[in-house]
Amino acid sequence: MLADEAPRPLPPSAEEAQDPAYLEALAAELDALRLAVEALERRHSADILRAAPGSRASARNLVHYLALRSRDIRPLQDRLARAGLSSLGRSEPHVLVALERVRGLIARALGRTLPASTLLPPVGFREGPALLASHAHALLGPPPPRRSTRILVTLPTQAADDAVLVSDMGAAGMDGARINLAHDDPAVWSAMVERVRAVRPERPVRVFMDLPGPKLRTGPVVGASGPVRVGRGDRFLLVGPMVADRDVVALMARTGAVGGVRCDVHAVFRDVRAGQPLALDDGKVAGRVSEAGGSWLVVDVTRARRDGVKLKEGRGINLPETALSLPALGAEDRAALDFVVEHADAVSLSFVRTPEDVRDVLECLRERNGHSLGLVLKIETVAAFEHLPAILFEALSWPRLGLMIARGDLAVEAGFERLAEVQEELLWIAEAAHLPTIWATQVLESLAKRGLPSRAEITDAAMSGRAECVMLNKGPYIVEAIATLDDILRRMDAHQRKKRTLLRSLSVSGGL
(Lines give C-alpha, C1' and ligand atoms only; values in the text may rest on other atoms or scores of the structure.)
Protein backbone atom coordinates (compact mmCIF):
# COMPACT_ATOMS: atom_id res chain seq x y z
CA MET A 1 0.00 0.00 0.00
CA LEU A 2 1.30 3.45 -0.89
CA ALA A 3 2.09 5.73 2.05
CA ASP A 4 -0.55 8.32 1.10
CA GLU A 5 -3.28 5.75 0.45
CA ALA A 6 -5.98 4.97 2.97
CA PRO A 7 -6.85 1.28 3.49
CA ARG A 8 -9.73 0.19 1.28
CA PRO A 9 -12.83 -0.92 3.19
CA LEU A 10 -13.81 -4.56 3.09
CA PRO A 11 -16.64 -5.35 0.64
CA PRO A 12 -20.02 -6.13 2.18
CA SER A 13 -21.32 -9.60 2.81
CA ALA A 14 -23.91 -11.06 0.42
CA GLU A 15 -26.69 -10.25 2.90
CA GLU A 16 -25.54 -6.63 3.31
CA ALA A 17 -25.40 -6.19 -0.46
CA GLN A 18 -29.12 -6.93 -0.75
CA ASP A 19 -30.13 -4.58 2.07
CA PRO A 20 -32.18 -1.55 0.86
CA ALA A 21 -30.08 0.84 2.92
CA TYR A 22 -26.96 -0.49 1.20
CA LEU A 23 -28.53 -0.02 -2.23
CA GLU A 24 -29.65 3.50 -1.22
CA ALA A 25 -26.03 4.38 -0.41
CA LEU A 26 -24.88 3.01 -3.76
CA ALA A 27 -27.58 5.03 -5.54
CA ALA A 28 -26.46 8.22 -3.80
CA GLU A 29 -22.83 7.70 -4.89
CA LEU A 30 -23.87 6.98 -8.47
CA ASP A 31 -26.11 10.06 -8.50
CA ALA A 32 -23.14 12.15 -7.41
CA LEU A 33 -21.07 10.66 -10.26
CA ARG A 34 -23.88 11.47 -12.70
CA LEU A 35 -23.94 15.09 -11.54
CA ALA A 36 -20.17 15.34 -12.02
CA VAL A 37 -20.51 13.99 -15.57
CA GLU A 38 -23.25 16.52 -16.38
CA ALA A 39 -21.26 19.41 -14.93
CA LEU A 40 -18.10 18.57 -16.87
CA GLU A 41 -20.03 18.14 -20.11
CA ARG A 42 -21.56 21.60 -19.71
CA ARG A 43 -18.13 23.05 -18.96
CA HIS A 44 -16.64 21.53 -22.11
CA SER A 45 -19.57 22.08 -24.46
CA ALA A 46 -17.46 24.34 -26.69
CA ASP A 47 -14.71 21.69 -26.94
CA ILE A 48 -17.30 19.10 -27.93
CA LEU A 49 -18.73 21.33 -30.66
CA ARG A 50 -15.24 21.94 -32.09
CA ALA A 51 -14.83 18.23 -32.82
CA ALA A 52 -15.39 16.94 -36.34
CA PRO A 53 -19.04 15.86 -36.84
CA GLY A 54 -18.07 12.18 -36.76
CA SER A 55 -16.12 12.70 -33.52
CA ARG A 56 -18.52 14.77 -31.41
CA ALA A 57 -20.03 11.74 -29.69
CA SER A 58 -16.47 10.61 -28.98
CA ALA A 59 -15.55 14.02 -27.55
CA ARG A 60 -18.61 13.80 -25.26
CA ASN A 61 -17.64 10.32 -24.12
CA LEU A 62 -14.09 11.51 -23.43
CA VAL A 63 -15.50 14.25 -21.18
CA HIS A 64 -17.64 11.67 -19.39
CA TYR A 65 -14.62 9.43 -18.83
CA LEU A 66 -12.52 12.29 -17.49
CA ALA A 67 -15.35 13.09 -15.05
CA LEU A 68 -15.52 9.46 -13.95
CA ARG A 69 -11.75 9.28 -13.43
CA SER A 70 -11.51 12.61 -11.61
CA ARG A 71 -12.10 10.78 -8.32
CA ASP A 72 -11.06 7.48 -6.74
CA ILE A 73 -14.04 5.14 -7.17
CA ARG A 74 -12.31 1.90 -6.16
CA PRO A 75 -14.32 1.48 -2.93
CA LEU A 76 -17.53 2.05 -4.93
CA GLN A 77 -16.38 -0.55 -7.47
CA ASP A 78 -15.89 -3.13 -4.72
CA ARG A 79 -19.38 -2.54 -3.37
CA LEU A 80 -21.00 -2.63 -6.83
CA ALA A 81 -19.31 -5.92 -7.68
CA ARG A 82 -20.40 -7.47 -4.36
CA ALA A 83 -23.99 -6.55 -5.19
CA GLY A 84 -23.68 -8.37 -8.51
CA LEU A 85 -23.57 -5.16 -10.56
CA SER A 86 -21.14 -3.81 -13.12
CA SER A 87 -18.18 -2.13 -11.40
CA LEU A 88 -17.76 0.32 -14.34
CA GLY A 89 -14.27 -1.10 -14.88
CA ARG A 90 -14.72 -1.56 -18.64
CA SER A 91 -16.83 1.50 -19.36
CA GLU A 92 -14.26 3.42 -21.45
CA PRO A 93 -16.10 3.38 -24.83
CA HIS A 94 -19.57 4.07 -23.36
CA VAL A 95 -19.24 5.75 -19.97
CA LEU A 96 -22.62 7.39 -19.46
CA VAL A 97 -24.77 4.50 -20.65
CA ALA A 98 -22.82 2.12 -18.35
CA LEU A 99 -23.40 4.47 -15.43
CA GLU A 100 -27.09 4.85 -16.31
CA ARG A 101 -27.59 1.10 -16.62
CA VAL A 102 -26.27 0.50 -13.10
CA ARG A 103 -28.34 3.39 -11.72
CA GLY A 104 -31.41 1.96 -13.44
CA LEU A 105 -30.93 -1.52 -11.98
CA ILE A 106 -30.59 -0.14 -8.46
CA ALA A 107 -33.64 2.10 -8.94
CA ARG A 108 -35.66 -0.90 -10.12
CA ALA A 109 -34.55 -2.92 -7.08
CA LEU A 110 -35.74 -0.05 -4.88
CA GLY A 111 -39.02 0.32 -6.78
CA ARG A 112 -38.17 3.74 -8.22
CA THR A 113 -38.03 5.42 -11.60
CA LEU A 114 -35.01 7.46 -12.66
CA PRO A 115 -35.72 11.10 -13.59
CA ALA A 116 -35.45 12.00 -17.27
CA SER A 117 -31.97 12.98 -18.40
CA THR A 118 -31.15 16.55 -19.35
CA LEU A 119 -28.30 15.42 -21.63
CA LEU A 120 -28.28 14.13 -25.18
CA PRO A 121 -28.55 10.34 -25.49
CA PRO A 122 -25.25 8.74 -24.47
CA VAL A 123 -22.94 6.64 -26.62
CA GLY A 124 -24.42 3.14 -26.44
CA PHE A 125 -22.85 -0.22 -25.67
CA ARG A 126 -22.66 -1.08 -29.37
CA GLU A 127 -22.03 2.43 -30.63
CA GLY A 128 -18.84 3.03 -28.61
CA PRO A 129 -16.87 0.03 -29.91
CA ALA A 130 -18.32 0.66 -33.39
CA LEU A 131 -17.01 4.24 -33.37
CA LEU A 132 -13.54 3.04 -32.34
CA ALA A 133 -13.58 0.41 -35.10
CA SER A 134 -14.71 2.99 -37.65
CA HIS A 135 -11.98 5.47 -36.66
CA ALA A 136 -9.36 2.71 -36.75
CA HIS A 137 -10.52 1.69 -40.24
CA ALA A 138 -10.29 5.29 -41.45
CA LEU A 139 -6.73 5.77 -40.17
CA LEU A 140 -5.20 2.30 -40.40
CA GLY A 141 -7.21 0.61 -43.11
CA PRO A 142 -9.25 -2.59 -42.80
CA PRO A 143 -7.91 -5.29 -40.48
CA PRO A 144 -6.80 -8.60 -41.96
CA PRO A 145 -8.87 -11.76 -41.45
CA ARG A 146 -8.82 -13.17 -37.90
CA ARG A 147 -6.72 -10.29 -36.55
CA SER A 148 -8.13 -6.96 -35.37
CA THR A 149 -4.73 -5.37 -34.59
CA ARG A 150 -2.75 -4.04 -37.55
CA ILE A 151 1.02 -4.28 -37.97
CA LEU A 152 2.99 -1.15 -38.90
CA VAL A 153 6.62 -1.68 -39.98
CA THR A 154 9.46 0.84 -40.27
CA LEU A 155 11.05 0.54 -43.71
CA PRO A 156 14.85 0.27 -43.99
CA THR A 157 16.64 2.27 -46.68
CA GLN A 158 17.11 -0.90 -48.75
CA ALA A 159 13.32 -1.08 -49.22
CA ALA A 160 13.72 1.62 -51.88
CA ASP A 161 15.57 -0.84 -54.14
CA ASP A 162 14.44 -4.25 -52.90
CA ALA A 163 10.96 -5.04 -54.21
CA VAL A 164 11.24 -8.64 -53.01
CA LEU A 165 11.85 -7.54 -49.40
CA VAL A 166 8.82 -5.24 -49.40
CA SER A 167 6.67 -7.93 -51.02
CA ASP A 168 7.79 -10.47 -48.42
CA MET A 169 6.97 -8.00 -45.63
CA GLY A 170 3.47 -7.61 -47.04
CA ALA A 171 3.02 -11.37 -47.38
CA ALA A 172 4.16 -11.89 -43.76
CA GLY A 173 1.44 -9.55 -42.46
CA MET A 174 2.52 -5.90 -42.81
CA ASP A 175 -0.57 -3.65 -42.90
CA GLY A 176 1.21 -0.27 -42.82
CA ALA A 177 4.67 0.90 -43.87
CA ARG A 178 6.38 3.67 -41.88
CA ILE A 179 8.87 6.00 -43.57
CA ASN A 180 10.96 8.10 -41.19
CA LEU A 181 11.63 11.43 -42.92
CA ALA A 182 14.50 12.11 -40.53
CA HIS A 183 16.55 9.77 -42.74
CA ASP A 184 17.28 9.48 -46.47
CA ASP A 185 15.84 11.92 -49.04
CA PRO A 186 12.80 12.45 -51.31
CA ALA A 187 14.20 10.18 -54.05
CA VAL A 188 14.51 7.29 -51.58
CA TRP A 189 11.10 8.04 -50.02
CA SER A 190 9.45 8.05 -53.46
CA ALA A 191 11.01 4.69 -54.33
CA MET A 192 9.81 3.25 -51.01
CA VAL A 193 6.26 4.46 -51.67
CA GLU A 194 6.33 2.91 -55.14
CA ARG A 195 7.39 -0.46 -53.71
CA VAL A 196 4.70 -0.34 -51.01
CA ARG A 197 1.92 0.62 -53.43
CA ALA A 198 2.70 -2.48 -55.49
CA VAL A 199 2.07 -4.83 -52.53
CA ARG A 200 -1.29 -6.62 -52.18
CA PRO A 201 -3.67 -4.51 -54.29
CA GLU A 202 -6.75 -6.24 -52.80
CA ARG A 203 -5.94 -4.78 -49.35
CA PRO A 204 -3.40 -2.01 -49.90
CA VAL A 205 -0.65 -1.36 -47.38
CA ARG A 206 -1.05 2.12 -45.88
CA VAL A 207 1.89 4.55 -46.04
CA PHE A 208 2.73 6.45 -42.83
CA MET A 209 5.37 9.17 -42.75
CA ASP A 210 7.04 10.51 -39.59
CA LEU A 211 8.01 14.18 -39.68
CA PRO A 212 11.61 14.70 -38.52
CA GLY A 213 10.71 16.89 -35.55
CA PRO A 214 13.35 18.59 -33.38
CA LYS A 215 16.57 16.58 -33.49
CA LEU A 216 17.57 16.33 -29.83
CA ARG A 217 20.58 14.13 -30.47
CA THR A 218 24.22 14.04 -29.45
CA GLY A 219 26.91 15.26 -31.82
CA PRO A 220 30.64 14.49 -31.82
CA VAL A 221 32.26 13.53 -28.52
CA VAL A 222 35.29 15.42 -27.22
CA GLY A 223 37.61 13.54 -24.86
CA ALA A 224 41.02 14.11 -23.38
CA SER A 225 42.22 11.00 -25.21
CA GLY A 226 40.22 8.34 -27.07
CA PRO A 227 36.61 7.17 -26.43
CA VAL A 228 34.71 8.47 -23.42
CA ARG A 229 32.99 6.04 -21.03
CA VAL A 230 30.88 7.22 -18.08
CA GLY A 231 29.51 5.44 -15.05
CA ARG A 232 27.59 6.34 -11.93
CA GLY A 233 29.36 9.13 -10.07
CA ASP A 234 31.15 10.43 -13.18
CA ARG A 235 30.63 13.86 -14.69
CA PHE A 236 30.44 14.87 -18.35
CA LEU A 237 29.75 18.04 -20.35
CA LEU A 238 27.06 18.77 -22.90
CA VAL A 239 28.40 21.62 -25.03
CA GLY A 240 27.01 23.84 -27.77
CA PRO A 241 28.34 23.98 -31.34
CA MET A 242 30.21 27.27 -30.85
CA VAL A 243 32.40 26.08 -27.98
CA ALA A 244 35.90 25.33 -29.31
CA ASP A 245 37.50 21.96 -28.54
CA ARG A 246 40.27 23.61 -26.51
CA ASP A 247 37.63 25.36 -24.37
CA VAL A 248 35.85 22.02 -23.85
CA VAL A 249 39.13 20.50 -22.62
CA ALA A 250 39.62 23.46 -20.28
CA LEU A 251 36.07 23.05 -18.91
CA MET A 252 36.73 19.35 -18.37
CA ALA A 253 39.82 20.18 -16.34
CA ARG A 254 37.97 22.77 -14.24
CA THR A 255 34.83 20.70 -13.57
CA GLY A 256 36.36 17.23 -13.38
CA ALA A 257 34.30 16.03 -16.35
CA VAL A 258 35.56 12.93 -18.17
CA GLY A 259 34.39 14.11 -21.60
CA GLY A 260 32.21 16.49 -23.58
CA VAL A 261 29.30 15.73 -25.91
CA ARG A 262 28.21 18.17 -28.61
CA CYS A 263 24.60 19.27 -29.11
CA ASP A 264 23.61 21.82 -31.77
CA VAL A 265 20.11 22.65 -30.41
CA HIS A 266 20.56 26.11 -28.87
CA ALA A 267 17.29 25.87 -26.91
CA VAL A 268 18.83 23.17 -24.72
CA PHE A 269 21.41 25.60 -23.32
CA ARG A 270 18.90 28.44 -23.14
CA ASP A 271 16.18 26.54 -21.26
CA VAL A 272 17.85 23.89 -19.08
CA ARG A 273 18.43 24.89 -15.46
CA ALA A 274 20.72 23.46 -12.79
CA GLY A 275 19.02 20.67 -10.86
CA GLN A 276 17.03 19.34 -13.82
CA PRO A 277 17.45 15.74 -15.05
CA LEU A 278 19.02 14.80 -18.39
CA ALA A 279 19.27 11.39 -20.07
CA LEU A 280 21.13 10.07 -23.10
CA ASP A 281 20.75 7.07 -25.37
CA ASP A 282 17.25 5.87 -24.35
CA GLY A 283 18.12 6.28 -20.68
CA LYS A 284 21.31 4.22 -20.73
CA VAL A 285 22.93 7.26 -19.11
CA ALA A 286 20.88 9.39 -16.69
CA GLY A 287 22.05 12.32 -14.65
CA ARG A 288 21.30 15.73 -13.24
CA VAL A 289 22.61 19.10 -14.37
CA SER A 290 24.83 20.63 -11.72
CA GLU A 291 25.96 23.72 -13.68
CA ALA A 292 24.40 25.57 -16.63
CA GLY A 293 26.80 27.94 -18.36
CA GLY A 294 24.77 29.35 -21.25
CA SER A 295 26.54 27.29 -23.92
CA TRP A 296 27.44 24.24 -21.85
CA LEU A 297 26.00 22.01 -19.12
CA VAL A 298 27.74 19.96 -16.45
CA VAL A 299 25.92 16.65 -15.91
CA ASP A 300 26.49 14.40 -12.89
CA VAL A 301 25.72 10.77 -13.79
CA THR A 302 23.24 9.10 -11.42
CA ARG A 303 22.50 5.95 -13.44
CA ALA A 304 24.49 3.85 -15.88
CA ARG A 305 25.65 0.28 -16.27
CA ARG A 306 28.17 -0.88 -13.68
CA ASP A 307 30.89 -1.14 -16.32
CA GLY A 308 29.99 2.26 -17.73
CA VAL A 309 28.46 3.43 -21.03
CA LYS A 310 30.41 4.75 -23.99
CA LEU A 311 29.26 8.20 -25.09
CA LYS A 312 28.43 8.13 -28.80
CA GLU A 313 27.30 10.48 -31.54
CA GLY A 314 23.69 10.35 -32.79
CA ARG A 315 22.07 9.28 -29.50
CA GLY A 316 18.84 10.77 -28.19
CA ILE A 317 18.74 13.43 -25.48
CA ASN A 318 15.80 13.56 -23.05
CA LEU A 319 15.02 16.48 -20.73
CA PRO A 320 11.94 15.36 -18.74
CA GLU A 321 11.55 18.48 -16.56
CA THR A 322 12.66 21.16 -19.02
CA ALA A 323 10.12 23.23 -20.95
CA LEU A 324 12.04 23.55 -24.21
CA SER A 325 11.07 26.55 -26.33
CA LEU A 326 11.08 24.48 -29.50
CA PRO A 327 8.19 24.18 -31.94
CA ALA A 328 6.97 20.66 -32.72
CA LEU A 329 6.78 21.77 -36.34
CA GLY A 330 10.03 23.30 -37.57
CA ALA A 331 11.05 24.59 -41.01
CA GLU A 332 12.23 21.15 -42.09
CA ASP A 333 8.90 19.61 -41.06
CA ARG A 334 6.89 22.23 -42.95
CA ALA A 335 8.95 21.62 -46.08
CA ALA A 336 8.47 17.85 -45.75
CA LEU A 337 4.68 18.24 -45.45
CA ASP A 338 4.45 19.07 -49.17
CA PHE A 339 5.87 15.63 -49.96
CA VAL A 340 3.74 13.95 -47.27
CA VAL A 341 0.45 15.35 -48.54
CA GLU A 342 1.21 14.13 -52.05
CA HIS A 343 2.42 10.61 -51.19
CA ALA A 344 1.28 9.43 -47.74
CA ASP A 345 -1.92 8.10 -46.20
CA ALA A 346 -1.05 9.45 -42.75
CA VAL A 347 1.53 11.66 -41.05
CA SER A 348 2.97 11.30 -37.55
CA LEU A 349 3.81 14.40 -35.52
CA SER A 350 6.77 14.04 -33.16
CA PHE A 351 7.45 16.02 -29.98
CA VAL A 352 3.81 16.98 -29.33
CA ARG A 353 3.59 18.82 -26.02
CA THR A 354 0.69 21.31 -26.17
CA PRO A 355 -2.59 21.99 -28.00
CA GLU A 356 -0.74 24.74 -29.90
CA ASP A 357 1.50 22.09 -31.47
CA VAL A 358 -1.58 20.32 -32.79
CA ARG A 359 -3.11 23.57 -33.99
CA ASP A 360 0.05 24.33 -36.00
CA VAL A 361 0.10 21.02 -37.84
CA LEU A 362 -3.62 21.13 -38.60
CA GLU A 363 -3.24 24.64 -40.03
CA CYS A 364 -0.34 23.45 -42.21
CA LEU A 365 -2.32 20.48 -43.45
CA ARG A 366 -5.32 22.64 -44.34
CA GLU A 367 -3.09 25.11 -46.19
CA ARG A 368 -1.82 22.20 -48.33
CA ASN A 369 -5.29 20.69 -48.91
CA GLY A 370 -4.27 17.66 -46.89
CA HIS A 371 -7.77 17.17 -45.49
CA SER A 372 -7.86 13.45 -46.33
CA LEU A 373 -4.56 12.71 -44.60
CA GLY A 374 -4.57 10.76 -41.35
CA LEU A 375 -2.80 12.30 -38.34
CA VAL A 376 -0.94 10.37 -35.64
CA LEU A 377 0.12 12.21 -32.49
CA LYS A 378 3.23 10.68 -30.96
CA ILE A 379 2.92 10.79 -27.18
CA GLU A 380 6.56 10.66 -26.11
CA THR A 381 7.00 13.38 -23.47
CA VAL A 382 5.73 13.98 -19.96
CA ALA A 383 4.33 17.32 -21.17
CA ALA A 384 2.19 15.58 -23.80
CA PHE A 385 0.87 13.15 -21.21
CA GLU A 386 0.04 15.90 -18.74
CA HIS A 387 -1.70 18.02 -21.43
CA LEU A 388 -3.41 15.07 -23.11
CA PRO A 389 -7.08 16.10 -22.61
CA ALA A 390 -6.47 19.58 -24.04
CA ILE A 391 -4.39 18.10 -26.89
CA LEU A 392 -7.20 15.69 -27.76
CA PHE A 393 -9.91 18.35 -27.69
CA GLU A 394 -7.84 20.31 -30.21
CA ALA A 395 -7.07 17.27 -32.36
CA LEU A 396 -10.59 15.84 -32.50
CA SER A 397 -11.46 18.48 -35.09
CA TRP A 398 -9.45 16.31 -37.53
CA PRO A 399 -11.52 13.35 -38.79
CA ARG A 400 -8.73 10.74 -39.19
CA LEU A 401 -6.79 10.68 -35.94
CA GLY A 402 -4.80 8.31 -33.74
CA LEU A 403 -2.22 8.19 -30.95
CA MET A 404 1.18 6.53 -30.92
CA ILE A 405 2.38 5.36 -27.51
CA ALA A 406 6.11 6.00 -27.99
CA ARG A 407 7.20 3.82 -25.09
CA GLY A 408 10.94 4.33 -25.49
CA ASP A 409 10.94 8.08 -24.91
CA LEU A 410 8.08 7.81 -22.42
CA ALA A 411 10.08 5.36 -20.31
CA VAL A 412 13.01 7.77 -20.15
CA GLU A 413 10.83 10.82 -19.59
CA ALA A 414 8.42 9.41 -17.00
CA GLY A 415 10.77 6.83 -15.47
CA PHE A 416 10.96 3.14 -16.34
CA GLU A 417 9.02 2.20 -13.24
CA ARG A 418 6.07 4.37 -14.36
CA LEU A 419 5.93 3.22 -17.98
CA ALA A 420 3.40 0.44 -17.44
CA GLU A 421 1.07 2.81 -15.60
CA VAL A 422 1.40 5.56 -18.21
CA GLN A 423 0.84 3.28 -21.19
CA GLU A 424 -2.29 1.84 -19.55
CA GLU A 425 -3.71 5.31 -18.95
CA LEU A 426 -3.03 6.26 -22.56
CA LEU A 427 -4.86 3.15 -23.77
CA TRP A 428 -7.85 3.93 -21.56
CA ILE A 429 -8.12 7.60 -22.52
CA ALA A 430 -7.74 6.81 -26.23
CA GLU A 431 -10.50 4.21 -25.98
CA ALA A 432 -12.76 6.72 -24.26
CA ALA A 433 -12.18 9.11 -27.18
CA HIS A 434 -12.68 6.19 -29.64
CA LEU A 435 -9.20 6.79 -31.04
CA PRO A 436 -6.98 4.00 -32.38
CA THR A 437 -3.61 3.58 -30.70
CA ILE A 438 -0.25 2.43 -32.07
CA TRP A 439 1.86 0.44 -29.59
CA ALA A 440 5.47 1.34 -30.44
CA THR A 441 9.12 0.80 -29.45
CA GLN A 442 11.18 -2.39 -29.22
CA VAL A 443 8.40 -4.85 -30.03
CA LEU A 444 10.16 -8.16 -30.85
CA GLU A 445 13.36 -6.15 -31.27
CA SER A 446 15.72 -9.04 -30.50
CA LEU A 447 13.96 -11.14 -33.12
CA ALA A 448 14.05 -8.39 -35.77
CA LYS A 449 17.72 -7.59 -35.14
CA ARG A 450 19.26 -10.91 -34.08
CA GLY A 451 16.82 -13.59 -35.18
CA LEU A 452 15.75 -14.81 -31.74
CA PRO A 453 13.16 -13.21 -29.41
CA SER A 454 13.34 -13.08 -25.63
CA ARG A 455 10.53 -14.53 -23.52
CA ALA A 456 9.71 -11.03 -22.23
CA GLU A 457 9.32 -9.80 -25.82
CA ILE A 458 6.80 -12.52 -26.62
CA THR A 459 4.71 -11.50 -23.59
CA ASP A 460 4.97 -7.84 -24.57
CA ALA A 461 3.85 -8.67 -28.11
CA ALA A 462 0.84 -10.56 -26.73
CA MET A 463 -0.14 -7.57 -24.58
CA SER A 464 0.23 -5.22 -27.56
CA GLY A 465 -2.94 -6.68 -29.07
CA ARG A 466 -4.97 -4.33 -26.86
CA ALA A 467 -3.94 -1.52 -29.22
CA GLU A 468 -5.35 -1.16 -32.73
CA CYS A 469 -1.87 -1.24 -34.26
CA VAL A 470 1.61 -2.45 -33.28
CA MET A 471 4.80 -0.99 -34.73
CA LEU A 472 7.90 -3.02 -35.52
CA ASN A 473 11.29 -1.47 -36.13
CA LYS A 474 13.61 -2.49 -38.94
CA GLY A 475 16.19 -5.26 -38.73
CA PRO A 476 17.73 -8.03 -40.83
CA TYR A 477 15.11 -10.51 -39.58
CA ILE A 478 12.13 -8.19 -39.99
CA VAL A 479 10.12 -10.60 -42.18
CA GLU A 480 10.37 -13.27 -39.47
CA ALA A 481 9.39 -10.70 -36.83
CA ILE A 482 6.30 -9.69 -38.82
CA ALA A 483 5.23 -13.32 -39.25
CA THR A 484 5.74 -14.04 -35.55
CA LEU A 485 3.78 -10.97 -34.47
CA ASP A 486 1.01 -11.86 -36.92
CA ASP A 487 0.74 -15.32 -35.35
CA ILE A 488 0.76 -13.99 -31.77
CA LEU A 489 -1.88 -11.35 -32.49
CA ARG A 490 -4.18 -13.85 -34.25
CA ARG A 491 -3.96 -16.18 -31.25
CA MET A 492 -4.55 -13.43 -28.69
CA ASP A 493 -7.50 -12.07 -30.66
CA ALA A 494 -9.48 -15.06 -29.43
CA HIS A 495 -8.61 -14.35 -25.78
CA GLN A 496 -8.48 -10.58 -25.26
CA ARG A 497 -10.27 -7.50 -26.57
CA LYS A 498 -9.03 -4.26 -25.04
CA LYS A 499 -9.49 -4.75 -21.25
CA ARG A 500 -12.03 -7.56 -21.66
CA THR A 501 -11.03 -11.21 -21.31
CA LEU A 502 -12.82 -13.45 -23.83
CA LEU A 503 -13.75 -16.87 -22.48
CA ARG A 504 -13.06 -19.06 -25.47
CA SER A 505 -13.22 -22.78 -24.70
CA LEU A 506 -9.92 -24.02 -23.26
CA SER A 507 -8.36 -27.12 -24.77
CA VAL A 508 -7.19 -28.33 -21.34
CA SER A 509 -10.79 -28.49 -20.08
CA GLY A 510 -11.90 -30.94 -22.77
CA GLY A 511 -10.65 -34.01 -20.97
CA LEU A 512 -12.41 -33.36 -17.67
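Reply: Start with a pair of strands. E8 and E12 run antiparallel, and 2 bridges join them. Within that pairing, Leu280 stands opposite Ile317 in E12. Keep in mind that this is a predicted model.

Now look along E8 itself, which covers residues 277-280. Its side chains point in two directions. Pro277 and Ala279 go one way, while Leu278 and Leu280 go the other. All four are buried. The cut-off for that word is under 20% relative accessible area.

E8 has another partner, E9. These two strands pair in the antiparallel sense, over 4 bridges. Pro277 has Arg288 of E9 as its bridge partner. Between E8 and E9 the chain makes a hairpin, with 4 residues between the strands. Asp281 in this hairpin takes a positive phi near 55°.

In general, the strands of a sheet pair through backbone hydrogen bonds, in a parallel or an antiparallel way.

E4 pairs with E7 (residues 259-262) in the antiparallel sense, over 3 bridges. Here Val222 stands opposite Gly260 of E7.

Val102 is buried, because its relative accessible area is 3% and the cut-off is under 20%. Its contacts beyond four places in sequence are Leu30, Leu80, Leu85, Ser86 and Leu88. Take Leu30 as an example. Val102 and Leu30 are 72 residues apart in sequence, yet their C-alpha atoms are 8.3 Å apart in space.

H6 (95-109), H7 (127-140) and E18 (496-497) each supply at least two residues to the lining of the second largest pocket. The volume of this pocket is about 770 Å³. Its lining has 34 residues. Nearest its centre lie Pro129, Glu431, Arg497, Lys498 and Arg500.

Next, find helix H16, residues 407-414. H16 is mostly covered, with 7 of its 8 residues buried. Those buried residues are Arg407, Gly408, Leu410, Ala411, Val412, Glu413 and Ala414. An α-helix has 3.6 residues a turn, so residues three or four places apart point the same way. Just after H16 comes Gly415, with a positive phi of about 105°.

Finish with the cysteines. Cys364 is buried, because its relative accessible area is 2% and the cut-off is under 20%. Cys469 is buried as well, with a relative accessible area of 2%. A disulfide is a covalent bond between the sulfur atoms of two cysteines. The structure holds 0 disulfides.

Technical notes: Residues numbered from 1 in each chain as written. Predicted model: local features only at pLDDT ≥ 70, side-chain atom pairs only at ≥ 80, totals over all residues. Heavy atoms only, no water. Buried < 20%, exposed > 50% of the residue type's maximum accessible area, 1.4 Å probe, protein only. Disulfide = S-S within 2.5 Å. Pairing = 2+ DSSP bridges. 1 Å grid on protein atoms, 1.4 Å probe; cavity = no way out; pocket = protein on both sides within 12 Å on 5 of 7 lines; lining within 4 Å. Points joined across faces, edges and corners; volume = space filled by probe spheres on them. Contact = heavy atoms within 4.5 Å.
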